[in-house]
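The following exercises concern a single protein chain. Each task is followed by a solution in steps.

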Amino acid sequence: MGKVLGMNLTDMNVMGDDGAELGELHNITCDLETGNLGDLVVDPTEQARKRYEVREDSYVYIPTQRLSAVKDYIVVKD
């Protein structure tokens, strides 16, 4: 996968590799010491609420290691 600017990802829809719509990307966490990306912070759909733990801030956190593709959607491996 090529490089993508983070500002181009905000508000993109997130989809599972099975085609399930998971929500809209709200933010991406980053380790400030290493620069490594941590999690996709997603404003979840009902389907995502059933698959992932919803944290007290009302978002689901999906590890960036599960990122599969970025095109019209952000696709994550389930």
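**Exercise 1.** How many helices and how many strands does the protein chain have?

*Solution.* The model is predicted, so local features require pLDDT of at least 70 and side-chain atom pairs count only at pLDDT 80 or more, while totals for chains, interfaces and linings use all residues. Residues are numbered from 1 along each chain as its sequence is written, and side-chain values use heavy atoms, with hydrogens and water left out.
Step 1. Helices (H or I, at least four residues) and strands (E, at least two) are taken as DSSP runs, numbered from the N terminus.
Step 2. The count gives one helix and six strands.

**Exercise 2.** Is Leu 25 buried or exposed, and which residues does Leu 25 touch?

*Solution.* Step 1. Leu 25 belongs to strand 2 (residues 21-30).
Step 1. Buried means under 20% relative accessible area, exposed over 50%, and partly exposed in between (1.4 Å probe, protein chains only).
Step 2. Leu 25 has a relative accessible area of 2% and is therefore buried.
Step 3. With contact defined as heavy atoms within 4.5 Å, and residues up to four places away in sequence not counted, the residues touched by Leu 25 include Leu 9, Met 12, Val 14, Leu 40, Val 42 and Ile 74.
Step 4. For Leu 25 and Leu 40, 15 residues apart along the chain, the C-alpha separation is 6.8 Å.
Step 5. For the protein chain as a whole, 31% of the 78 residues are buried. Among contacts with a separation of 6 or more, 41% link residues 24 or more positions apart.

**Exercise 3.** Which residue lies over the face of Tyr 61?

*Solution.* Step 1. A charge sits over a ring if NZ of Lys or CZ of Arg is within 6 Å of the ring centre and within 35 degrees of the ring normal.
Step 1. Arg 55 lies over the face of Tyr 61, 4.0 Å from the ring centre.
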